[in-house]
Amino acid sequence: MVAEAAHANAIESRAWAALREVRDPELPFLSVVDLGLVRHVAADAAGGLEVGLAPTYSGCPATAMIRAEVAQGLRNAGFASARIVDVLAPPWSSDWLTDAARQALARHGIVPPVGAVHSPRELRGAGAGQEPIRCPRCDSTHTEELSRFGSTPCKALHRCADCLEPFEYFKCI
Amino acid sequence: MTAAAPPAAAGDSGAHFDYLLQLADTSLVLGQRLGEVVGHAPALEEELGLANIALDLIGQARLLLAYAGEHEGRGRDEDQLAMLRTPDEFRNLVLAEQPNGDFACTVVRQVLVDAWQLELYDALQGSRDAHLRAIAAKSRKETAYHFQYSSHWLVRLGDGTAESHARARRALEQLWPYTREMFDEQAADRELAERGIAPSAASLEAGWTTRIEGVLREATLALPPQVPYRWHGRRGIHSEHLGYLLAEMQVLQRTYPGAQW
């Protein structure tokens with residue numbers, strides 16, 4: 001029993017390592033693990049592997065692509081028969097982003113979500129009663145929302161009123 | 001879609017399937033309508049906004065239709081249910097199929113449906129159907145964002161210029177009669193409410209009204225008077241607009257059945 005459990009753990013660790021190499025198609029500096037999309041990795045006694053993936057937005061066009069890349073990444077790591085299942089509950093939100101993901105977003109000029117979603121009932125509008133969104137270039141808090149929807153479903157477009165540069169904000173949703 | 005879904009409960013009269021279609025079809029038809037805005041929106045930001053909302057709605061419809069197909073148990077998947085049903089087999093709110101009209105019309109229709117979906121998805125958090133509960137929780141988050149967008153625009157239009165106010169008022173008066181259908185109690189609703197799967201349609205009205213009254217007050221628009229006539233899209237009785245919408249949406253699968261790309 002103990003040996004079997006250790007074996008399953010080793011397989012799961014190898015699968016996690018492979019998944020950390022799978023990049024998001026729209027934010028290629030983030031892995032699917034950084035984004036909080038991988039909900040579970042479970043090896044069974046028969047040598048099978050199941051990976052639970054949380055879709056981001058219902059309408060995200062990248063969902064099918066992410067799934068295909070996860071399957072490819074697992075195949076490359078020797079898990080040709082891994083099963084990928086959708087995990088809807090609890091729903092994905094920007095709270096699932098890891099700290100490493102938030103730092104990587106900031107490094108790439110995309111402001112990470114400000115605050116937390118916590119409960120779906122507590123959704124707040126950007127800029128409404130929350131901490132200010134800081135310009136990633138000049139750190140000014142004097143910023144405004146240009147468009148609630150941006151180049152991808154996860155981002156909104158903002159502008160700095162001091163340095164006048166537009167920038168992207170990863171929605172807190 | 002491979003989301004694990006439980007098999008249909010024994011003794012299901014078809015009400016569960018019918019109910020899932022109602023939710024799915026309202027999202028699908030409204031998503032298709034919003035897709036028509038692409039290339040025609042008044043500004044790039046609104047085009048992005050409306051197209052993104054359309055994608056979310058179609059994504060929600062896919063999850064619901066896939067689940068409905070499993071409940072039906074006749075092997076129909078989400079694509080077959082979306083692309084190969086006739087207008088009288090659609091169960092969407094008649095409000096969702098109304099044409100985009102001017103921007104005020106598009107915004108008012110969106111506010112009215114978003115507020116209803118918010119109440120619905122909240123109430124479904126108490127459903128005994130775990131998969132429906134999961135779809136609702138996910139959709140609820142997205143719908144809240146849609147409602148922020150649509151209600152913000154209604155306030156800007158209503159509390160804007162004389163022209164935008166007049167257009168918002170006209171749109172509201174034109175679309176208001178279609179809202180009564182949301183709270184019309186059907187046999188299927190009663191059955192599912194008794195089984196703890198869905199809220200009764202009428203139970204959503206108080207919350208919806210509070211939400212809409214709040215937005216209208218801020219938009220300096222008056223609540224239109226109640227009208228006795230009710231539409232019955234949820235029973236498959238539609239306005240003439242749905243046929244044209246489906247003809248466009250389904251043309252490829254109707255012309256080349258089973259086509260894939």
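From the N terminus on, the elements of chain A follow the order α-β-β-α-β-α-β-β-β-β, a total of 3 helices and 7 strands. The structure is a predicted model, and the values reported here are computed from it. Along the principal axes, the C-alpha atoms of chain A occupy a box of roughly 60 × 30 × 30 Å. Of the 173 residues in chain A, 39% are buried. Among the contacts in chain A with a separation of 6 or more, 51% link residues 24 or more positions apart.

The mean pLDDT of chain A is 88, and 92% of the residues score at least 70. Within chain A, strand β2 (residues 49–53) has the highest confidence, with a mean of 96, while helix α1 (residues 2–19) has the lowest, at 88. Over residues 119–128 of chain A, pLDDT remains under 50, although the model has 21 contacts beyond four places in sequence for this segment. Where pLDDT is low, the predicted coordinates should not be read in detail.

The domain assignment divides chain A into domain 1 (2–86) and domain 2 (97–170). Taken over C-alpha atoms, the centres of domain 1 and domain 2 of chain A are 28 Å apart. The contact between them involves 10 residues of domain 1 of chain A and 9 residues of domain 2 of chain A. On the domain 1 side of chain A, the residues touching domain 2 comprise 5 nonpolar, 3 polar and 2 charged residues.

A:Gln72 is located in helix α2 (residues 63–76) of chain A. A:Gln72 counts as exposed because it has 12 C-beta neighbours inside 10 Å, and 12 or fewer is the criterion for that class.

When residues up to four places away in sequence are not counted, B:Leu20 touches B:Leu64, B:Tyr67, B:Ala68 and B:His71.

Conventions: Residues are numbered from 1 along each chain as its sequence is written. Chains are lettered from A and ligands numbered from 1 in the order in which they are written. This is a predicted model: local features need pLDDT of at least 70, side-chain atom pairs count only at pLDDT 80 or more; totals for chains, interfaces and linings use all residues. pLDDT is the predictor's confidence in each residue, from 0 to 100. Helices (H or I, at least four residues) and strands (E, at least two) are DSSP runs, numbered from the N terminus. Two residues are in contact if their C-beta atoms, placed from the backbone, lie within 7 Å. A residue is buried if 20 or more other C-beta atoms lie within 10 Å of its own, exposed if 12 or fewer, and partly exposed in between; C-beta atoms are placed from the backbone. Domain bounds come from an automatic or database domain assignment. Ala, Val, Leu, Ile, Met, Phe, Trp, Tyr, Cys and Pro count as nonpolar, Asp, Glu, Lys and Arg as charged, and the others, Gly among them, as polar.
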